[in-house]
Structures are given as structure tokens and as C-alpha cells.
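Please read these numbered notes beside the sequence and the structure. They are meant for someone who has not looked at this entry before.

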Amino acid sequence: MSRPDDASPAVAPRLFEVLEAPLAPLDRLPRALWLGAMTHADGELTARLAALEAWRDALLAGRLPEPAPSWPGGALRAMVGETCGRLMLPAYCAGNEELADTVLQGLLFHLDLVLDYRDRGASEAVAQAMAVDAFAADWAARCGEIDELVGAFGELGDLLKNTRWDALRGLLRSSEWREVVRIRALIERLPELVRIIRALGRARPSADDDPRSQALKAVVAHTEVQRSVARRLRVPELPGETRGVHRSGRIARMLPAEATLLGHPQLRLVWHARHAERTLLAYEDDDHLQEDCLRPAPVLRPSLRPAPAKRLEMGPLLVCVDTSGSMQGGAEAVAKAVVLEAVRCAHAQRRACRVFAFGGPDEVVEMVLGVDVDGVGRLARFLGQRFGGGTDICGPLERALARFDESDWQLADLLIASDGEFGATPALVARLDTIGRERGLHVQGILIGDRETIGLLELCDDIHWVRDWRRYGGDAAGRRGEGAEEGGSPVHSKSLTASYFPGALRNAANRAGTVSPQQAAAALRAGRHRGEP
């Protein structure tokens, strides 16, 4: 047992610590909440602060506070709990501090109006009901808007900050946002877009092998080979070395003593009996034969086998979208869906995304699209506009390739969404090939048309065909899709150019078989024919 003088001395409380303890929630609540709590008209300050902290912790955990806090008091407590549960506010606020704080600020604001309603002649019960109904109406509309945002972008992040909500609410009520909702519904019918966009970029390895990888690795495998083995066999009775005497039936090797029996009239019968029984005394001879035979032998044999590296994905996104007049109708809707899905994937996976909307010469709009109020506004304006004008692919490609000189975009891949009705210059095609070989750039093409064109084939490593693009354009798509079954393409294959005009492609074989205009003119003047030196 320790002595009383060994016990540690008690720590004396700091000055005013006991008096300040009820106000401790002020240190844990955000400034916007405790300012509203201190100026609120209903209940006591200390009880209100403790109740607000309990409400906030419960909403962040995705539930209602249990037991019910002391604020708000009386019948108002049950009305607020029932309203929050009916609107499923805890589910919206789970893990989202910004939204939970906004809900509690709204609750403080509306409940503070009870006294104003009473000053206008309403009874206590009616005033409380009016305040709760106003809170419920406000958040019923806001929850619907949050559902639309979640449906369009998934995770919302800073979009739910109360400081920008008024600007965001105005955007959600615009005609451009209706187009965003329509395009989002279209994406549900195009699941292939998600897979294609996810595969872009080279920031981290995926679970799939890269089909372009030509890496090899040495593998040691167990196998068998036939080896020649020499062996010696002893062959009895083969003339060779005499080893002794033994019983045998061989007349040629019998001893002379046995042969003398044949000259005796009676013993000759003994000789015949011994010969029949093979018991004649004879010399024992044998010899050895050597032969070579093949026998299997286990060995370890090294060999080179393909070892493709894992396909890289999840890097930055560079998206070139054709907004020319030929894209009007269903092709326009699919192109907008590509842009929206690129923004969704980039936001959900923390990837950078830059969009180049191109039309005719010098008609390139470069956009950095993110899920914030400004980025959503730019996206809504882009999705709400109509496409028109000519087509020039060189301008957006030059801008996109210029990004590879910046460190943030060196692991990016390029996506081109178009109907393919364009042509790139040979110099630009050669530059794109060089960057692909040296820096690993992979160009994906989304064909929103009926056939692969020469321009698209020369630029893209892979082309993904949206065969039924006509059905997504409403009336315009219906007019353009006449004759196509259920809005699909009327042609049997997208590869018409490669099938029927293979000589038009600028591939290695065609380049080797093509001469310059100067060489052709010189050959014509000299009267030479094809194949002649």
C-alpha cells in the first residue's frame, strides 16, 4: 500500500475552466454554426450549442441523433426529426461536412422565424408548423437538385458549398442544364463510352495486358531430349573368349573326351543320350556386343516468351470533339455524351481533363472542365449549344500535342470523337506517329458515322464505332436514319475505306510503293515503266 505522501498531487483547475465548460462546443463547431446558434431566439445558449454538436455528429454519421437533443424543444423537436427523416437528410449529409453545416444553418434560420410568425398573429403551434414547412419545402427542392447533380457527376465535392449554391441553383433551372440531364440519360445507353474513357491515360497500370507491348522474358522450362547411350551386351555361345567348361549340346565345342565315345560300340549310345540331354562337356565361350541407343533425358531449356506489360490507364484526358455541321442530330448527341462522360470520369478519378471543341479553320474552343460552379457552367453552355460550320482537325491536334511539352500532360492520351469527315496533313500525321513511338501516346477514336475515313484511320490507333448513333438525335436523327433498321447503320461494316481503297492509306507499304511527283515526271520523260530501274 502506498503512503498518502506518495500520491501525485491533484492538478488545480484553471481559472474559469468550470464556468467555460458549457461553452466548449464553440471550439468544435464551425464558425457559421456557432454564430447562428449564439443569435438564435429559441432556448438557452448552452443547451442549443450542445444540441447542435449532437445534430452535426449524427448527420455526418448518416443518422438522426439518439436520444433527441434538448433543442429544439417541445413539439417542435418531433416535427423537425420527422421532417429530416422524411427528406432522408442524414443520408445526404453522411460524410459531407459542407452539406451537414448547410442543413443546420437552414434549420437555425427557419426556426428563428417562429417569433416573426407569432408577431403576425399566428398561434405557437401554427407558427412552428409554418417554420418547419418552410424548412421542408426549401430542402425538398434542394434535395431534388442534389439528386440531379449526383446523377450527372457522381461525387460532388465543392459543389455543395453554401456560398455558391445560389449561382448553382440558377444554373440548374436553365435550359442548358436540361440538355445536361438529357445527355446523362443517353450515357446510360452507351456503356462502351465509360470503358473507352477509363482506358485513356498512362498514370497507373491496369489489370489488362497492353496489346501493343512487345516485351519478351526468358523462361526456363522442363523438357526432354533424346540422348545417345552406348551399352555392352554379353552374348553367350558367341565365338570369342573361352571362359571354362560347361554342359552343352554344341557338338562343335565339345571336349575331345566326349568325341572318343563315338568310336566305342556301347558308349556311343551314351554319347547320343548326352547330346539329346545337352549334357555334353563343352568349352564355354561368350563375347560382348556394343550398341548405341536413344534414351529420353530431362533438361532445362531457356526460351523467350511474350511478356506484355500491363496496360496503363487513369492519366490526364485530352478530348477533341467535332462540332461541325455534319455532326448535327444523333452524332451531336453522342459527341456531347463523350464530353460529359470524360468530365465525370476525370472528376471521380481525380484526373485532369481538357476538351478541344473544333469546327472549321480557327474555330477551336479549348475548355478546362471540372466539377465546380464555373466548370459546370461551361459544360452546360457547351452541351446546350448547336453544332455547325466546317471541319479542320489540324488546329485542335496542334493545340493538344503542344500540351505534351508540359509536365502535367506527358502521361495523357488523346480521344477524338467525330464522324471522320476530315483530313490531316502528312506532316501532322508523321508528328503524331513520332510522339506515339517516343512518348507512348495512344490515340483512341470514336466513330460517330457509317465508315472509317482515311483521316480517321491515319490518326487513331483504335477506332470504336457507335453504330446506332442515329437513334439518339430525335427527329433529325430519324430523318437521317431512314432505311436503317432501328436507327442502326445501313452499311454492313465501318471498314469500307480499308476494304475497298487500301491503296489510299498512308501506311508503310503504300509509302514504299509511291514515288514523288518529280520522280514520276522524270520516269515519264525517260519512257520508263513501273519496275524498271
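1. Aspartate 362 sits in the loop between S6 and S7; strands (E, at least two residues) and helices (H or I, at least four) are DSSP runs, numbered from the N terminus. Its phi is near 65°, positive although the residue is not glycine. Aspartate 362 counts as exposed because its relative accessibility is 80%, where exposed means over 50% with a 1.4 Å probe, protein chains only.

2. The model is predicted, with local features requiring pLDDT of at least 70 and side-chain atom pairs pLDDT 80 or more, while totals for chains, interfaces and linings use all residues. Residues are numbered from 1 along each chain as its sequence is written, and side-chain values use heavy atoms, without hydrogens and water.

3. The protein chain has an average pLDDT of 77, on the predictor's confidence scale from 0 to 100 for each residue. Where pLDDT is low, the predicted coordinates should not be read in detail.

4. An open sheet of six strands has the order S7-S6-S5-S8-S9-S10, with mixed pairing; two strands pair if DSSP finds at least two bridges between them. S7 (364-368) and S10 (462-465) each have a single partner strand, so one side of each lacks a neighbour in the sheet.

5. Strands S9 (residues 443-447) and S10 run parallel, joined by four bridges. Glutamine 444 has aspartate 462 in S10 as its bridge partner.

6. Two cis peptide bonds deserve a look: glutamate 66 to proline 67, omega about -5°, and tryptophan 71 to proline 72, omega near -5°. Proline 67 lies in the loop between H4 (45-60) and H5 (75-86).

Technical notes: Buried < 20%, exposed > 50% of the residue type's maximum accessible area, 1.4 Å probe, protein only.
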